[in-house]
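Here's a quick briefing to read with the model open beside you.

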Amino acid sequence: MKINVVGSGYVGTTLAACLADLGHTVTVIDIDQSVVDAINAGEAPIHEPGIDELFAEHVGERLAATTSYDGLPNAAATFLAIGMPTEGDGSIDLEPLLAATELIGEALSRPGTDDEHLVVVTSTTTPPGLAQVREALATGLGGDPDNVLLATNPEFLREGTAVADFQEPDKIVFGTESTSALVTLERVYGPLTETVDSPVVRTDPATAMMIKYANNAFLATKISLSNDLGNICKEFGLDAYEVLKAVGLDDRISEQFLRSGVGWGDSCFPKNVNALIASAQAAGYEPPLLNAAVEVNDRQPQRLLALLDNHVDVADKRVAVLGLAFKPGTDDVRHSRAIPLIKGLRERGAEVVGYDPVATETMRERFPNIEYADSAADALAGASGAVVATDWDEFAALDEAFDGMAESVVVDGRRIIERREGITYEGLTW
């Protein structure tokens with residue numbers, strides 16, 4: 001099939017590359033000419049394991065990019081994978097998605113475009129927001145013709161494992177009220193569902209999106225509960241990891257997302273949970289459990305810094321922040337726990353030096369005035385303290401690097417570093 005993907009962020013790039021790998025001919029549409037040129041040159045605009053290999057195999061064959069919507073009607077389906085900014089109150093800013101949707105409608109309204117076309121919303125949109133997406137599509141089309149259909153297909157891709165998540169999904173969710181649209185979605189995913197035994201959920205568009213929000217809200221709440229329990233364990237002098245490992249043996253709970261630490265970040269959990277809270281409030285309901293999950297998460301970086309304060313006054317002293325991405329395997333720093341740690345250290349007058357294997361440049365855009373090291377050892381050299389924000393594997397093998405610290409105080413927010421002789425070690429919840 002011929003398929004368009006509008007947007008080339010983490011979701012759009014992964015979706016396009018993986019659909020090409022299924023055998024489809026995929027065109028990425030993006031407003032940034034430099035991104036388009038990079039894709040056509042075989043250079044992925046994101047850091048994601050497996051993407052470079054897919055680009056090397058499919059760019060120039062089944063994968064290309066453009067800034068133009070002119071060729072959009074030649075495909076059977078167009079997937080919307082537009083990034084969704086967050087407003088100050090936590091609600092999502094629909095304008096980028098609505099603008100792209102209207103452009104799709106305009107492209108499909110031109111003379112000679114009478115073939116059926118499916119517009120698929122993959123961008124995470126609240127159920128009430130879908131009505132605005134429909135309106136934007138109708139505005140672009142100049143009406144509501146029968147040949148243009150709308151469906152939702154929420155993604156469940158985790159940065160750092162996005163390609164694997166697409167290729168071996170826990171579930172695939174189709175949201176549509178049209179038999180024809182469902183047939184098209186089944187065709188798009190057919191090469192995948194024929195090879196993997198993943199359940200396919202078929203429902204209406206709004207319910208499909210609510211599944212995505214509920215999924216992430218549950219996981220975020222599970223992490224915050226783990227952190228709350230971990231904080232209690234720390235006060236009792238207990239190891240939260242030993243406690244939660246046993247808790248995870250209960251098959252009603254499972255061990256996944258029971259790793260307590262400095263909290264959740266990324267582009268999904270904070271945005272999705274806050275958007276769901278804002279939408280619920282707009283509908284007249286105050287969600288106390290989700291509010292509490294956010295509150296616990298927001299407190300974790302301050303708890304980590306308080307542990308550092310117990311051992312060293314960081315004013316005018318060098319402090320290393322190890323890990324800048326929100327999780328290992330990605331260069332994404334959106335809502336990274338390193339951000340509040342850096343802010344808190346600077347408020348204390350510390351001389352902050354950051355290190356990350358791949359996310360230095362993206363963090364530099366946010367904090368251009370702190371020092372960045374080329375290695376973890378360089379970051380630790382002469383430091384009076386170190387805080388761990390991301391559990392990159394290389395941080396587990398830093399034994400000799402700690403010898404270069406002026407004061408060997410290490411506060412670990414991810415349980416990646418082992419206690420050892422010669423350092424003052426604090427685990428956040430253990």
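This is a predicted model: local features need pLDDT of at least 70, side-chain atom pairs count only at pLDDT 80 or more; totals for chains, interfaces and linings use all residues.

A292 is found in helix 11, where helices and strands are DSSP runs (H or I of at least four residues for helices, E of at least two for strands), numbered from the N terminus. At 33% relative accessibility, A292 counts as partly exposed; buried means under 20% relative accessible area, exposed means over 50%, and partly exposed is in between, using a 1.4 Å probe and protein chains only.

Residues are numbered from 1 along each chain as its sequence is written, and side-chain values use heavy atoms, with hydrogens and water left out.

**Overall build**

- The protein has 14 helices and 14 strands.
- Its radius of gyration is 23 Å, close to the 22 Å that the globule rule gives for 430 residues, so the protein is as compact as a globular protein of that length. The radius is taken over C-alpha atoms, and the rule is 2.2 Å times the number of residues to the power 0.38.
- Along the principal axes, the C-alpha atoms fill a box of roughly 75 × 45 × 40 Å.
- Buried residues make up 54% of the 430 residues.
- Of the contacts (heavy atoms within 4.5 Å) with a separation of 6 or more, 73% come from residues 24 or more positions apart.

- In helix 12, the residues A338, I339, L341, I342, G344 and L345 are buried.
- The cover over those buried residues includes helix 11 (288–309), strand 9, strand 10 (351–355), helix 13 and strand 12 (385–388).
- After helix 12 comes G349, whose phi is positive, near 85°.

**Salt bridges**

- A search of the whole structure finds 17 salt bridges, each being a side-chain nitrogen of Lys or Arg within 4 Å of a carboxyl oxygen of Asp or Glu.
- R334 and E159 meet in one of them, at 3.4 Å from N to O. R334 lies in the loop between strand 9 (318–322) and helix 12 (338–347), and E159 in the loop between strand 6 (148–152) and helix 6 (162–167), so the pair ties together parts that are 175 residues apart in sequence.
- R334 is partly exposed at 35% relative accessible area, whereas E159 is buried at 8%.
- E159, D332 and R334 are linked in a network of salt bridges.
- K234 and E426 also meet in a salt bridge, at 2.7 Å from N to O. K234 is in helix 8 (residues 205–236) and E426 in strand 14, so this pair ties together parts that are 192 residues apart in sequence.
- K234 is buried at 19%, and E426 is buried at 15%.
- For a local example, R364 and E361 meet at 3.1 Å, N to O. Both lie in helix 13 (residues 360–366), three residues apart, which is about one turn of the helix.

**A buried lysine with no partner**

- What is the place of K271? K271 is in helix 10 (residues 269–282).
- K271 is buried yet has no salt bridge, and the nearest side chain of opposite charge, E155, is 7.8 Å away. For charge, Lys and Arg count as positive and Asp and Glu as negative, while His and the chain ends are not counted.
- Leaving out residues up to four places away in sequence, K271 touches M84, T86, G90 and I92.

**Aromatic rings**

- The whole structure holds six aromatic pairs. Rings of Phe, Tyr and Trp (its six-membered ring) pair if their centres lie within 6.5 Å; planes under 30 degrees apart count as stacked, over 60 as edge-to-face and the rest as tilted.
- Y241 and W430 form an edge-to-face pair, 5.2 Å centre to centre with 80° between the planes. This pair links distant parts of the chain: Y241 is in helix 9 (residues 240–247) and W430 in the segment after strand 14 (424–427), 189 residues apart.
- Y241 is buried at 13% relative accessible area, and W430 is buried at 8%.
- Ring pairs link F166, F174 and Y189 into a cluster.
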